Amino acid sequence: MFLKKAKINGFGKLIDRQFNFTPGMNIVFGPNESGKTTLARFILYTLSNPSNEALKYKPWNGEEFGGLLETSEGTFVFGETSEQKQDKDFLESIAFLMEDDELESLKIDKSIIESSLKKKSEKTEMGRIIKGVMKGLEEFQIDKCVNKISSDLNDVKAEIEKVKSIIVVRNKLYLEKNDISKRLEKAHDELENLQVELENLRKKKKEELKNEITKVQMKIDEIKSKLSKLSWVERIDQNVVFEIYGLIKKIDNVKEEIDKLEEEEKSLVEIINTKDNEINSKLKLLGATSEKDLESISLRLKHLSLLSKMYGEGISQTEEEEPLWHIFIQDPSIIERAEDEEQKYQEIKNAIEKEKIDIQNQIEKLEGSAKYSKDLSILSGIAGVVLLALGLLFNKIALFMYLPSVLFLGFAVLLLLKSRNNISKLSVLQERLMEIMMHRVEQPQVWKLLGQYGVKNIRDLRKKYSEFLEWKAANVEKQKKIIELKEIEQEIIKELSKFNVNGYAQMVVSAVENLQRTFNEVQELIYEKETLERKLTQVRGEYVSKQKELNLLHNHLEESLKTNGVSKQDIENYRTDFENYLKLKSELSENITTLKDLENNLENEDLDRDIHSYKLSVENQIKIINELEQMYQDICKKIEENSVNKELLSELLVRKDELEFKLSLINLIGSYIPRLFEHLKDSYSKFVESYYKNFSDEFIKFFNYVSGQTKNFFVTPELSVKILVEGDLKDPSEYLSGSTKDLLIFGIKNALYKSFYDGNIPLVIDNTLIRFDDERLKRICEYLKEESNYRQIILLTSDKRIIKHFDKNTNVLYLEG
């Protein structure tokens with residue numbers, strides 16, 4: 001609850017005054033004797049029931065005494081008694097801090113506290129129920145009540161059973177009636193559906209039969225037409241046909257064999273040519289021009305093999321410490337040669353990369369040009385077509401339209417040709433770019449050779465050559481043997497040069513082995529070639545023989561065809577045509593039979609099984625409907641014979657429910673009454689014990705916050721505040737200052753409000769903060785700001801310091817002195 005307006009007709013010195021309040025914080029500022037305490041007393045006496053103490057504020061000059069308060073819960077009139085109003089002492093204890101309050105005279109009425117606790121406990125529905133039950137339990141005799149209700153309940157049940165037996169019979173009859181009604185309705189629907197389906201089936205079958213007759217008649221005409229075309233197969237003898245057909249098959253088989261021989265001859269010629277090419281290429285490797293030179297080549301290879309064997313044995317005896325030294329010995333100028341080949345390799349790579357970039361630039365230009373030409377040609381073509389269409393639509397300006405149309409279309413053709421020319425050039429450039437990208441520049445041969453010995457660049461080669469010179473100076477004796485081997489090697493290289501083979505020292509032995517291997521391969525190829533040539537001669541002989549056989553068969557076939565007056569195509573198609581002829585005759589017979597059956601079915605609908613079945617179903621359904629209608633009439637008569645008094649049954653059921661509810665409720669109450677008493681007693685005891693702790697916690701929290709220091713205060717179960725001095729609990733009024741006493745009064749009333757009051761009531765403060773120093777005043781103002789969020793506060797003061805602690809939004813009312 002919060003106050004909205006205080007309207008005072010006459011109360012003390014306040015005559016015909018009105019004060020408007022807002023929720024939250026309200027400050028009434030005025031000097032001493034301006035009527036602040038009078039306003040606080042008016043609020044107290046108006047919110048409480050009438051009291052003789054208020055008479056001392058009756059105006060002397062005979063003005064109207066009283067007024068009213070408008071609140072969020074209604075209007076409170078001064079001097080009127082109302083259930084909404086509170087006890088004055090209770091309001092003073094929790095909601096009013098008056099200037100004349102003294103700690104010594106502050107007494108807490110325990111009866112008011114107990115009354116508040118009692119109201120709290122009775123606010124719940126369970127509490128009110130228990131109170132009512134406990135009050136009526138002393139006069140309530142459970143046994144007599146149970147016996148009386150049980151007797152009445154048995155009588156009612158007996159009456160209900162009598163009616164129930166009739167209802168059971170009647171319900172069964174109603175169920176049977178409903179079932180028969182549903183079955184009868186369903187039977188009528190099924191009959192109607194059957195009749196509709198029968199009529200639809202008749203129409204459908206009649207249309208189908210007419211369509212089938214038309215189709216069969218057309219099929220018969222079609223078959224007769226085809227038979228007339230194939231009648232020729234009856235006039236020719238089948239034996240003659242089979243004989244000529246056999247000749248044709250033989251000719252086809254001979255042709256297949258000739259084709260196979262041609263393919264085999266062609267394959268053999270290709271293989272022989274391939275062998276010739278392989279032999280010639282191998283002979284070139286051996287330095288020979290024909291197969292006649294093989295004998296001399298054999299002798300030279302034997303000489304080379306001997307030298308190679310001597311060279312290999314010498315090498316094994318004079319093995320260098322490093323295989324690379326042999327390369328340096330054989331080719332002292334290898335460093336210069338490696339540098340030259342590396343330079344050429346890099347120049348080729350740079351040239352290829354430059355060409356690749358140039359081609360890519362040309363491709364980009366051609367793509368842009370081709371796209372531009374194509375788009376422009378499309379626009380020009382569209383313009384030409386539009387002008388041509390306009391010329392056709394408007395005859396008067398046709399001449400002026402045709403000429404630009406021709407120009408635009410011609411320009412479009414030129415642009416299209418240009419675009420296609422660019423696309424063809426683009427395709428060539430793309431192929432060239434692909435060739436360049438696929439091309440891989442081979443690494444120089446010398447670097448491939450040196451890479452086998454771990455030499456990757458010129459720097460490594462120079463380093464290895466320096467190591468070789470150091471080794472050479474330390475191994476002079478081995479040089480003689482190496483010189484001898486060098487002579488043998490030079491002789492081998494000389495002989496190899498006659499075979500067009502050039503190699504380095506380490507390739508001598510492998511070169512000789514390759515030549516020997518090539519010589520052996522040439523001999524094998526010559527043998528394979530001679531074998532293939534013999535087979536080719538045999539195939540050609542078979543081919544000539546098959547050609548003669550084919551000519552004889554052709555002559556015999558022509559004579560037979562001419563004698564019997566048929567063509568080759570007729571003979572080839574005879575079997576198919578004869579089978580079709582027989583098949584068509586069979587189909588003609590079947591269709592004639594089918595046509596007769598369809599005509600009979602069209603004349604007599606009972607021949608159709610579906611229609612006949614539907615007719616039987618309709619007759620059966622009519623019988624079922626007649627039987628169900630008779631059963632329905634019988635059930636209705638039985639229901640009329642078993643009538644029930646519904647009003648009597650309803651009264652009996654209501655009476656039975658009331659008696660059963662009363663009996664169960666009495667039994668339940670009888671078993672729970674002792675436990676309810678104990679539970680209520682325990683709950684009340686626990687609630688009374690908890691308020692003391694809540695009061696103590698609220699008081700100490702408030703005092704410590706506002707005072708800024710902790711005092712050894714203790715709250716007794718009687719809600720009196722004591723202070724601990726030298727180990728004893730003393731009355732704080734003897735040891736505290738005036739402002740601290742005011743703070744104690746504020747804390748006690750604030751704790752009482754928060755502990756014992758469930759509602760919301762404004763806090764009225766009548767100039768009790770004037771004795772606080774600045775620090776305590778600041779803290780209590782901060783507390784009041786926070787508290788105003790939950791409770792309306794009306795602060796009446798003459799202290800200007802208080803106004804400074806609140807913002808401009810605070811409702812401030814001014815009283816004049």
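Predicted model: local features only at pLDDT ≥ 70, side-chain atom pairs only at ≥ 80, totals over all residues.
Start your tour by selecting Lys693, which is found in helix α17 (residues 646-707). Helices here (H or I, at least four residues) and strands (E, at least two) are DSSP runs, numbered from the N terminus. Lys693 counts as exposed because its relative accessibility is 51%; exposed means over 50% relative accessible area, buried under 20%, and partly exposed in between, with a 1.4 Å probe and protein chains only.

Residues are numbered from 1 along each chain as its sequence is written, and side-chain values use heavy atoms, with hydrogens and water left out.

**The whole protein**

Zoom out next. The secondary structure comes to 20 helices and twelve strands. Of the 817 residues, 34% count as buried. Among contacts (heavy atoms within 4.5 Å) with a separation of 6 or more, 80% are between residues 24 or more positions apart.

**The cores**

Select Phe19, Ile43, Phe746, Ile765, Leu769, Ile780 and Leu784: these have the most contacts inside the largest nonpolar core, which has 67 residues. Such a core is a set of buried Ala, Val, Leu, Ile, Met, Phe, Trp, Tyr and Cys residues joined through side-chain atoms within 4.5 Å. Which helix gives the most to this core? Helix α18 (residues 738-756) does, with nine residues.

Stay with Phe19 for a moment. Beyond its neighbours within four places in sequence, Phe19 is in contact with residues including Lys4, Ile8, Leu39, Leu813 and Leu815.

**The aromatic cluster**

Now pick Phe11, Phe42, Tyr45, Tyr57, Phe65 and Phe78, which form one aromatic cluster. Rings of Phe, Tyr and Trp (its six-membered ring) pair if their centres lie within 6.5 Å; planes under 30 degrees apart count as stacked, over 60 as edge-to-face and the rest as tilted. By this rule there are twelve aromatic pairs. One of them joins Phe11 and Tyr45, which counts as tilted because the ring centres are 6.4 Å apart and the planes are at 50°. This pair links distant parts of the chain, with Phe11 in strand β1 (residues 3-11) and Tyr45 in helix α1 (residues 36-47), 34 residues apart. Are these two buried or exposed? Phe11 is buried at 0% relative accessibility, and Tyr45 is buried at 4%.

Tyr45 also pairs with Tyr57: their centres are 6.2 Å apart and their planes at 55°, so this pair is tilted too. Tyr57 sits in the loop between α1 and β4 (66-71), twelve residues from Tyr45. At 15% relative accessibility, Tyr57 counts as buried.

**A patch on the surface**

For the last stop, select Ile378, Ile382 and Val386. They form a nonpolar patch on the surface; patch members have over 30% relative accessible area and no salt bridge, with nonpolar side chains (Val, Leu, Ile, Met, Phe, Trp, Tyr) joined within 5 Å and like charges within 9 Å. A salt bridge is a side-chain nitrogen of Lys or Arg within 4 Å of a carboxyl oxygen of Asp or Glu. Ile378 lies in helix α9 (residues 334-393) and counts as partly exposed at 44% relative accessibility.

How values were computed. Areas by Shrake-Rupley, 256 points an atom, 1.4 Å probe, with all protein chains shown as cover.
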